[in-house]
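Hi everyone, thanks for coming. Let me put the sequence and the structure up on the screen, and then we can walk through a few places together.

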Amino acid sequence: MPHSPDSAAVPNDAHSPPGKLPAGKERGRANSRRPAFLNTLGADLPASLVVFLVALPLSLGIAAASGAPVMAGLIAATIGGIVAGSLGGSPLQVSGPAAGLTVVVAGLVDEFGWQVTCAITAAAGVVQLLLGVSRVGRAALAVSPVVVKAMLAGIGITIILQQLHVLLGGQAAGSAVENLTALPAAITNVELHSALLGVGVVAILLAWKFLPPVVRKVPGPLAAVVLVTALSVPVAPGVERISFSGSLFDSVALPSLPGDNWRAAAMAVLTVALIASIESLLSAVAVDKMHSGPRTRLNRELVGQGSANMVSGMLGGLPVTGVIVRSATNVEAGAASRASAILHGVWVLVFSVLFAGLIQLIPLAVLAGLLLVIGAKLIKVADIRTSHHTGDLLVYVVTLACVVFLNLLEGVIIGLALAALCVLWRVLRAQIHAHQATAAHLPWRVTIAGSCSFFALPRLNRVLHSVPERQDVMVELNADYLDHSFREALLAWQSQHRNTGASVVLEEHGTTAFRDAADRTPQRQDPREFPLPPRNSWQTPPRVDAPFAVDDDGRPPLRSILLGIDKYHRRHADKVRPLVQDLTDGQNPDTLFVACVDSRVNPNLITSSGPGDLLTLRNIGNVVCSDGHDASIDSALSFGVKGLSVDSIVVCGHSNCGAMKAVLEDAEGAGNAPLGAGFDAWLGHARPSYRELMAGHPVALAAEAAGYSRLDQLSMVNVAVQLRKLEGHPVTGPALKSGLVQATGLFYDIRTARVVLVTPQGIERLDAGVAAVK
C-alpha cells in the first residue's frame, strides 16, 4: 500500500519519539489544518486597512456626486467588499461604488427618486447574476490589451487632475476638462498647510522603497497616512478633513417600485447592469495584469457583482462595481487573497459605526497625496513605448483621451471600436505594388501580398493598369486569403494585357492556391515553412518568342538556375541573411550527413535544418568506402570528425534508388544501361549490401514485413552496411567506440515523404501513422 509523504518521513527521523513527527513537520501539518485565509492574513490585514483608507473618502465623494445620501456610498463599499469579495471570481479585485456610474445614478435620482433608484440597482444585480450563470463573462478576454492599458492610464490621469485640487486645498470639479482649466487658479489660491501635508505623503511613498527592509514590512501607504495624519493634528488643525453625519444604520432604506414609466425603468436596469458588468470585468482583467497569482474566473465575478448589487439595492446603497483604483491599491499594498477585499468591507462597517471620530481626523489632502501616487503608477511609460513599437499608439492615445475627457464607458467602447478597425485594416489590406523592369529584356513585376479579397479590388485595379501595354509582366502572388472576386479581376486584367501582345506569368508562393478561388469557399490555409515550387498552370502566354515562353506542357520554363537565383534574391535572400551572418567567419555543424546524389533527396528539408547545421557528403548510393579506397570520402570523414568535431554521422538512403536498382540488375542478370567503367567500379562499394540482402539481413526481413519493395529493402540494408563500415574505419571507428560520435541510419520514402529509422536489427517508423507503400 503506498505511503503518504508524511508517513514515509516518520521512520527516517531518529530523534523523534515513536509515532510523533519532528517539530518542523508538526508545524507544517498544523499549518495545513489552519484555514487558508490565516496563512495570508499577515499580508491581507495591512493591505485591507490601506484599501479601507482609500475606499472611505472615495465612497463618500461618489455618493455626494451622485445626488444620493452620503452614507449610501459606505453601504455600497461595505457590501461590495464583503459580498462581492466573498462570491466574486477575482481574488484581488476590490468592489464598491464607482465613479463610472456617477452620471447615470445622478440622472436616475433626478428622474425616479432615491428609493426607485435602489430598486433599479437591485434589478440590475439580478441581470448581472443571470449573465454570470449564462457564462458570457469570458467575452471580456477579447478586449485588446492596449485598450486596457490606455483605460488604466486614463483613470490615472483623471485621478491626478481631481486630487491635485484637493491637495492644493480646493474642491475637484466634475470633469477632467474643468479640473484642467481650473488648475492655474487652484495653484494661485493654494492652501499651504494642505499642500504640505499632501506633498509629505507623496514624499514618504516615493522614499519608502529605499528604507531598510525591516521598516518596509509596514506598507508604505498605511505608514504615510498614519504619520502625516498624526502630524496634522497639532501642526495644521484647520485643514479640511473627512466629515459626515448620522450612522450607517440610520441610512438603510428599502427600495420601492416606480409608479409609472416602466419602460424607462427597464432601460435603466439594463444600462446599470451593462456598465457595471463591463467596468467590473475590464477592471478584473486589468488587475490580473498587475500580479502573478490566480487569474480571474470572469463568470463567477459577474455572479459576485450581481449578488452585491442585489444586496446593496435592497439596503439603500449605490450600485457596486469592481473599482480599479481600490484594486490597484490592494495589489500595491501587498494583498495575497480575497480576504483583503472582505476585510476592507468589514473595516468600512466597523469604523463607520464605532470610530467615526477617528475617520474624521484624516485630512483630505493626505488621501489626495496617496491617490496621486496611485494614479501616477497607472501610467506606465513602458506601455506607451510598446504601443508605439507595435503600431497601436493611435488606439492608446484615442482611448486614453476619451476616458479622460468623456467617461470610462465611452472611452473603452471607442477604443475597442478603433482597435477593431485597425485589425480589419491590417488583416484585409493587401500590399500591391508594381515594379518597373530594370532592363529591357526583363519583365515588369507586380507583387501582391496579404488578404486578397474584394476590399483590395480598387487598389489592384489601379496598380495593374499602371503597367504599360505590351510589357511582359511577372505577377508574384503571396496570398494568405484569396476570394473569387479577386481572382476574376486578376484574370480579366491578364486577358486584357495579353491582348496587347505581352505575356503574363503568375508565380505563387503564399498559403493559398490561385486555382482554388474558382469554385471553392475561400479560407485561410496553414502557412508553409519552406518554399514550394510555384503553381503556374492557370495561364498560357500567347507568344512563344517572349522571354517567358511556355514549355510543351503549357507552363513557363521557370526551372533554369538563373531564374531560380533571381527568385531567391527577390523572395528569400533578405530572410536568409540573418541566419548566415554568424557563419561568415566559419562553420560549426553538429552532423556529418552522408546522402545519395539523387535530386529528390533534400537533407536540410527532411531534417528541418538550416545553413551551418549539416556537413553534407553526397555520392551515388550513399556509400562509405574502406580506408584508402576513395580519398574524397576519407577526407570528408576526417574533416568532419577531426576538423569540425561533429557529434553525429548520418547515413541516409532513399526509396527507388537508381544505384541500388543498378546493383540488383547487375547481380540478377537483368542488364542495365552502360554508364561506363567508372560507374560500374563504383557499384562495387554497394555490392556487399546485395549479399547481405540475400543472406537475410534483419533489416531486409523487417522491411519486407512492413511491405517495402525488394529495391527499397536493398536500400535499407545498404544503410545498415555503411553504418558497419563506419565502425571499422580508422577515422570514425575510434570516435564511435569512445562515444564522442554517434552514427544513425535513415531511409527517406519519397512517395510518402516520411523518414524511417534504420538500425542494425531492423527499422523503426518515426511516423507511425503512415503505412509503407507496397
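Before we look at any sheet, a word on pairing: two strands pair if DSSP finds at least two bridges between them. Strands themselves are DSSP runs of E with at least two residues, helices are runs of H or I with at least four residues, and both are numbered from the N terminus.

One caution about what you are seeing: this is a predicted model, where local features need pLDDT of at least 70 and side-chain atom pairs count only at pLDDT 80 or more, while totals for chains, interfaces and linings use all residues. Residues are numbered from 1 along each chain as its sequence is written, and side-chain values use heavy atoms, with hydrogens and water left out.

Now please move along to strand 7. Are its residues buried or exposed? I call a residue buried under 20% relative accessible area, exposed over 50%, and partly exposed in between, using a 1.4 Å probe and protein chains only. In strand 7 (residues 591-596), 6 of the 6 residues are buried, so the strand is largely enclosed by the rest of the structure. In a regular strand, side chains alternate between the two faces of the sheet. Here Thr591, Phe593 and Ala595 point one way, Leu592, Val594 and Cys596 point the other way, and all are buried.

Which strands pair with strand 7? Strand 8 (residues 614-619) runs parallel to strand 7 and is joined to it by 6 bridges, and Thr591 has Leu614 as its bridge partner there. Strand 9 (residues 648-654) also pairs with strand 7 in the parallel sense, over 5 bridges, with Ile649 standing opposite Leu592.

On to charges. The structure holds 9 salt bridges, each being a side-chain nitrogen of Lys or Arg within 4 Å of a carboxyl oxygen of Asp or Glu. One of them joins Glu469 and Arg470, at 3.8 Å from N to O, and both residues are exposed. Another joins Asp574 and Arg577 at 3.0 Å, N to O. These two sit 3 residues apart in helix 25 (residues 573-580), separated by about one helical turn. Asp574 is exposed at 54% relative accessibility, whereas Arg577 is partly exposed at 42%.

Asp666 and Arg687 form a salt bridge too, with the closest N and O atoms 3.3 Å apart. Asp666 belongs to helix 28 (residues 658-667) and Arg687 to helix 30 (residues 687-694), so this pair ties together parts 21 residues apart in sequence. Asp666 is partly exposed at 37%, and Arg687 is partly exposed at 22%.

Last topic: aromatic rings. How many aromatic pairs does a search of the whole structure find? It finds 2. Rings of Phe, Tyr and Trp (its six-membered ring) pair if their centres lie within 6.5 Å; planes under 30 degrees apart count as stacked, over 60 as edge-to-face, and the rest as tilted. Phe454 and Phe455 are stacked, at 4.4 Å centre to centre with 25° between the planes. Phe454 is partly exposed at 49%, and Phe455 counts as exposed at 52%.

Tyr708 and Phe747 have ring centres 5.9 Å apart and planes at 85°, so that pair is edge-to-face. This pair links distant parts of the chain, 39 residues apart: Tyr708 is in the loop between helix 31 (698-705) and helix 32 (710-728), and Phe747 is in strand 10 (residues 742-749). Tyr708 is buried at 5%, and Phe747 is buried at 0%.

Thanks, everyone!
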